[in-house]
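Subject: Structure for your review

Dear colleague,

Please find below the structure that I am handing over to you.

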Amino acid sequence: MNAKLTKCAAALAFVGTLFFPASKAEAEILDSSTDGFTFEFSLPVDGHLNLVFDGLTQDIGQWWLADHTWYGRSENMSIQLMLGGCLCEIADETRFTEHLRVVKVEPYSLIRFSGGLGPLQAEGVDGVMDWSLANSPDEHMTTLTVRYRVGGYTGNDLSRWAPAVENVLQQQMKSFQSYMKR
């Protein structure tokens, strides 16, 4: 990884731990190499899975952290729940970003995306991300599980990216978790 990317990844990881410290019980890097990585974490979210699914998909502009957008505004974020749909950020009619592409939806239980988030978008890699939901037995809580697998060719060591990417996604989902408590 070049020095600039190394510094960026390290800064993301450090800043993320200041505001949203990761709990080892919640997150795990399942595998990591120079060519890719996989991580998974779960967290409890208040509400029946129908409400949680709707909050994830319909309200993303209200809980997505502006610090992790290209244009600095959370309200620019949206998800189109359709085959080939987009987890997109639209700043205006000339500036936009497809963060991830929707490739599978099982209503109220799974959304699968493909693509490289953030700086991974320019790295010649691809990824598959799942957002899975499961109700608790009393149906008042939902477990949200995020799994992201990234791989492909890049001149950089992807194993060094895994902790920073995982940390940023935990920040996003902890923001969502807080949003659902309101």
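Predicted model: local features only at pLDDT ≥ 70, side-chain atom pairs only at ≥ 80, totals over all residues.

Residues are numbered from 1 along each chain as its sequence is written, and side-chain values use heavy atoms, with hydrogens and water left out.

Overall layout

The protein chain contains four helices and eight strands. Helices (H or I, at least four residues) and strands (E, at least two) are DSSP runs, numbered from the N terminus. In order from the N terminus, the elements run α-β-β-α-α-β-β-β-β-β-β-α. Of the 182 residues in the protein chain, 43% are buried. The accessible surface is about 9300 Å², and carbon and sulfur atoms account for 55% of this area. Such areas come from the Shrake-Rupley method with a 1.4 Å probe; for residues, only the protein chains shown count as cover. A contact means heavy atoms within 4.5 Å. Among contacts between residues at least 6 apart in sequence, 58% join residues at least 24 apart.

Aromatic residues and the core

Rings of Phe, Tyr and Trp (its six-membered ring) pair if their centres lie within 6.5 Å; planes under 30 degrees apart count as stacked, over 60 as edge-to-face and the rest as tilted. By this rule there are eight aromatic pairs. In one of them, the ring centres of Phe-53 and Tyr-108 are 4.9 Å apart and the planes are at 55°, so the pair is tilted. Phe-53 belongs to helix H2 (residues 49–58) and Tyr-108 to the loop between strand E5 (96–106) and strand E6 (110–114), so the pair ties together parts that are 55 residues apart in sequence. Phe-53 is buried at 5% relative accessible area, whereas Tyr-108 is partly exposed at 32%. The rings of Trp-63 and Trp-64 also form a tilted pair, with centres 5.7 Å apart and planes at 50°.

A nonpolar core is a set of buried Ala, Val, Leu, Ile, Met, Phe, Trp, Tyr and Cys residues joined through side-chain atoms within 4.5 Å. Which members of the largest nonpolar core touch the most other members? Among its 39 residues, they are Trp-131, Leu-144 and Tyr-148. Helix H4 (residues 162–181) supplies the largest share of this core, with seven residues. Beyond its neighbours within four places in sequence, Leu-144 has contacts that include Phe-41, Leu-56, Trp-131, Met-173 and Phe-176.

Paired strands

Two strands pair if DSSP finds at least two bridges between them. Strand E4 (residues 86–90) and E5 pair in the antiparallel sense over five bridges, and a hairpin joins them through five residues. In this pairing, Cys-86 stands opposite Arg-101 in E5. E5 and E6 also run antiparallel, joined by five bridges, with Val-102 opposite Phe-113 in E6. Three residues lie between E5 and E6 in their hairpin, and Tyr-108 in the turn has a positive phi of about 70°.

Salt bridges

Side chains of opposite charge can pair when their charged atoms come close. A salt bridge is counted here when a side-chain nitrogen of Lys or Arg lies within 4 Å of a carboxyl oxygen of Asp or Glu. The count comes to seven salt bridges. One of them links Arg-149 and Asp-31, whose closest N and O atoms are 3.9 Å apart. Arg-149 lies in strand E8 (residues 141–152) and Asp-31 in strand E1 (residues 27–33), so this pair ties together parts that are 118 residues apart in sequence. Arg-149 is partly exposed at 44% relative accessible area, and Asp-31 is partly exposed at 32%. Another salt bridge, between Arg-101 and Glu-98, has an N to O distance of 2.8 Å. Arg-95 and Asp-92 form a further one, at 3.4 Å from N to O.

A colleague

Technical notes
Buried < 20%, exposed > 50% of the residue type's maximum accessible area, 1.4 Å probe, protein only.
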